[in-house]
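Work through the following exercises with the sequence and the model side by side, and try each task before reading its solution.

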Amino acid sequence: MTPTPIHRSADDPTTRQALALAGVFQAARVVDELARTGQADERAWNTLLHATLDTDPESFEAIYGGHPNHLRQGLEVLEAVLGRRQQNPVVLRYGFSLLLLMNKLRKNDRMMATLGQELPRIQGQAEHFGEHHENVVASLGELYQQTLSNFKYRIVVQGDPGLLQSRGMPERVRAALLTGIRFALLWHQQGGRRWKLIFQRKAMQRALDALN
């Protein structure tokens with residue numbers, strides 16, 4: 001299998017914001033897929049996990065695996081949002097809820113510290129078992145439950161009740177939500193703000209076009 005070549009993203013804030021926001025919507029889409037079908041696109045899921053477990057990436061591109069195609073599912077959702085085209089309302093709700101939770105998290109120093117302490121520990125677990133091992137996914141899910149689940153505002157996941165209660169599925173869904181928080185924080189770090197989705201929509205659309 002030929003490795004995916006590194007695709008250097010334009011070194012401008014708008015492109016980086018678009019890629020990070022695509023990660024948020026990719027996590028939202030994976031949450032929806034898991035809740036409804038019990039399955040998720042493998043590349044999308046693996047990209048989210050790696051981005052969350054790599055606590056010290058060597059470059060911005062390394063966060064998402066070096067090529068925008070690793071964020072293709074999220075980019076498709078973002079393109080629909082910017083183009084004001086119809087999109088799965090559940091996925092949009094999850095995505096924008098993740099941004100809201102991220103803002104609450106940024107103001108909670110204790111919770112941020114907990115995430116900062118626990119993620120390297122889980123990274124060590126991933127180095128031992130592998131990033132996709134059920135123990136690693138379970139640890140990520142537990143970390144979400146111990147932290148972000150304690151806010152009064154919570155993301156209510158819709159789907160097949162039987163699937164959502166099946167073995168390991170709650171942890172997978174929570175882990176996917178945590179990966180969305182990781183990209184939401186990245187989006188904010190790159191200067192992303194909700195109002196820019198309205199007032200800088202065309203600039204972000206041009207950035208997305210340049211990635212295709």
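**Exercise 1.** Find the helix that holds Glu33 and decide whether this residue is buried or exposed.

*Solution.* Glu33 lies in helix α1, which covers residues 13–37; helices are DSSP runs of H or I with at least four residues, numbered from the N terminus. This is a predicted model, in which local features need pLDDT of at least 70, side-chain atom pairs count only at pLDDT 80 or more, and totals for chains, interfaces and linings use all residues. Residues are numbered from 1 along each chain as its sequence is written, and side-chain values use heavy atoms, with hydrogens and water left out. Glu33 counts as buried because its relative accessibility is 14%, where buried means under 20% relative accessible area, exposed over 50%, and partly exposed in between (1.4 Å probe, protein chains only).

**Exercise 2.** Which residues is Gln26 in contact with, leaving aside its neighbours within four places in sequence?

*Solution.* Begin with the position: Gln26 also belongs to helix α1, and with 0% relative accessibility it counts as buried. Then list its contacts (heavy atoms within 4.5 Å): with those neighbours set aside, Gln26 touches Ala44, Thr47, Leu48, His70, Leu71, Arg72, Gln73 and Gly74. Under that exclusion, Glu33 is in contact with Gly38, Gln39, Ala40, Asp41 and Gln73.

**Exercise 3.** Name the residues through which α2 and α7 meet.

*Solution.* From α2, the residues are Trp45, Leu49, Thr52 and Leu53, and they meet Val136, Val137 and Leu140 in α7.

Note on methods
Helices (H or I, at least four residues) and strands (E, at least two) are DSSP runs, numbered from the N terminus.
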